[in-house]
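Work through the exercises below with the model open. Try each task before you read its solution.

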Amino acid sequence: MAVENESGKLLNDIRELVAEGVKDVVRAEQIERMTTDFDARFKSLEDAVAASATPATAVTEADADAMLKEAFAEYIRAGEKALSTDAQGREYVKAVGDQASLGVATEGGILLPKVFGSMVDPLNRKSSPLRALATVRGSTGMGFITPFKTAHGSAGTRTEMGAINSSPAPQFNTISHTFFEVDAEELCTVWAANGPEAVDLMSGIVQDVLEAIAEKETEQFLLGEFQNALGQTISGVSNVKNGLLKQTKLVAGVDENTNVIGSLAGIETASTTAVDADDLINVLTILHGRYEPNAVVLTSRDLVKRILTAKDEEGRYLLTVGSVQDGFAARIWGTPLRTSDHFTKFADAVNEPIAIVGDFRNSVVIADATGTQFLSDPYTDKRFVKTRGARRTSSSIVNYNGLRGLYKKSA
């Protein structure tokens, strides 16, 4: 950086003058001016370093998705040639040719943060329902270990001078995440990459790669059998599977306080052929009250289709639809409803839950070892430009008391 080289020269000149011991007024004034100039340049360097390490907030939230995708796609397509540097040393994606800026920043483009994950993760959350519901830890590295609750605290009562109730709970254990990589690669011809519609084309490829990654990681978050190791063995359990739908079925003696590590507690439907109002009421009310304010029902479209026309005893539809302001969010008795493609259909379900209700934010942790990484490869095959996206991630249930499953009744 030019400012750094000039500052270093000024500093050396000042040191040499001071070392000579010059005392005349002219030289003293010269040293003072040079010192002031050095201070100003050093402050400018500090500002530049701080700015380059800080993710940009140059675009409004309403415009962010489209502009970030377009700017990022231009960077993927053109590489370093797409970049410019502003007066503070921050890099941003230039406009294509002499066209108007891709963004609204005064620098003329979209500033590039050090980690591209901060740009593309919001796009992934739109396609990954569980990522939007769970707690997400970013840039954790490969050795991520998180505590999780094995028992809740309890309270008691006493008279004015009675003994104070003391509970050893809450109790915690630790869990070590097992990471896996989710990746997707697409290609386009070199002609298409260099054509007049290149930016639009690359935007579509980036979007498609992100959606493919989101879909695959959601599948693994629900169906994955990666083993996460516990810090201490609990009742013979030393590790647990990461997939929500791959936990051990538990329906015997379950109530709101059931908290068995490795088992998704819940209830069965009353019938082997249908889901009725009582089934949904039972699974919603078996969740502890502390998790009710943030509870969400996660299920399949197949089950939603089955309950879409179901009614309670007073003839009211079980499934209600929200207002325009909340995006027509579906609810079951006020509890938000989200769907995922990876649940087993009701007719085929055996020991996997057909729906999960709970506070996912406080019960599931998704840990990303790094942000989403993109690689553009125009060299392996000279006819094509390959665009590859990858993310090393993991997931785990960290609070079994905060989730409940609805299972199809065993035949």
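Buried means under 20% relative accessible area, exposed over 50%, and partly exposed in between, with a 1.4 Å probe and protein chains only. This is a predicted model, in which local features need pLDDT of at least 70, side-chain atom pairs count only at pLDDT 80 or more, and totals for chains, interfaces and linings use all residues. Residues are numbered from 1 along each chain as its sequence is written, and side-chain values use heavy atoms, with hydrogens and water left out.

**Exercise 1. Two serines in loops**

Task: Find where Ser139 lies, and decide whether Ser139 is buried or exposed.

Solution: 
- Start with the elements. Helices (H or I, at least four residues) and strands (E, at least two) are DSSP runs, numbered from the N terminus.
- Ser139 sits in the loop between strand S4 (135-137) and S5.
- Its relative accessible area is 53%, so Ser139 is exposed.
- Now check the backbone. Most residues other than glycine have a negative phi. Ser139 is not a glycine, yet has a positive phi of about 50°.

**Exercise 2. Sheet order and pairing**

Task: Work out in which order the strands of the open sheet of 4 strands lie, and which are the edge strands.

Solution: 
- Apply the pairing rule: two strands pair if DSSP finds at least two bridges between them.
- The order is S5-S6-S8-S9, and the pairing is antiparallel.
- The edges are S5 (145-151) and S9 (237-241), since each pairs on one side only.
- Neighbouring strands are turned by 30° against each other on average, direction ignored. Such axes are lines fitted to C-alpha atoms, for helices over the stretch in contact, and angles run from 0 to 180 degrees between N-to-C directions.
- Look at one pair. S5 and S6 (residues 171-176) are antiparallel over 6 bridges. Ala151 stands opposite Gln171 in S6.

**Exercise 3. The partners of S15**

Task: Find in which sense S12 and S15 pair, and how many bridges join S14 to S15.

Solution: 
- S12 (residues 296-299) and S15 (residues 335-339) pair in the parallel sense, over 3 bridges. Thr299 has Thr339 in S15 as its bridge partner.
- S14 (residues 330-332) and S15 run antiparallel, joined by 2 bridges. Here Arg331 is the bridge partner of Pro336.
- S14 and S15 form a hairpin with 2 residues between them. Trp333 in the turn has a positive phi of about 50°.

**Exercise 4. The largest nonpolar core**

Task: Find which residues touch the most other members of the largest nonpolar core.

Solution: 
- Define the core: a set of buried Ala, Val, Leu, Ile, Met, Phe, Trp, Tyr and Cys residues joined through side-chain atoms within 4.5 Å.
- The core has 43 residues; Leu130, Leu222, Leu244, Ile356, Phe360 and Leu403 touch the most other members.
- H7 (198-223) is among the elements that each supply at least two residues. The largest share, 8 residues, comes from H7.
- Zoom in on Leu403. Contact means heavy atoms within 4.5 Å. Not counting residues up to four places away in sequence, Leu403 touches residues including Leu244, Ile356 and Phe360.

**Exercise 5. A pair of aromatic rings**

Task: Find how far apart the ring centres of Phe180 and Phe226 are.

Solution: 
- Rings of Phe, Tyr and Trp (its six-membered ring) pair if their centres lie within 6.5 Å; planes under 30 degrees apart count as stacked, over 60 as edge-to-face and the rest as tilted.
- The whole structure holds 2 aromatic pairs.
- The centres of Phe180 and Phe226 are 4.7 Å apart and the planes are at 10°, so this pair is stacked.
- Phe180 is in S7 and Phe226 is in the loop between H7 and S8, 46 residues apart.
- Phe180 is buried, at 7% relative accessible area, whereas Phe226 is partly exposed, at 27%.
- Ring pairs link Phe180, Phe221 and Phe226 into a cluster.

**Exercise 6. A glutamate in a loop**

Task: Decide whether Glu352 is buried or exposed, and which residues it is in contact with.

Solution: 
- Glu352 lies in the loop between S15 and S16 (355-358).
- Its relative accessible area is 18%, so Glu352 is buried.
- Leaving aside neighbours within four places in sequence, Glu352 is in contact with Leu223, Leu245, Lys246, Thr344 and Tyr407.
- Glu352 and Leu223 are 129 residues apart in sequence, and 9.9 Å apart in space, C-alpha to C-alpha.
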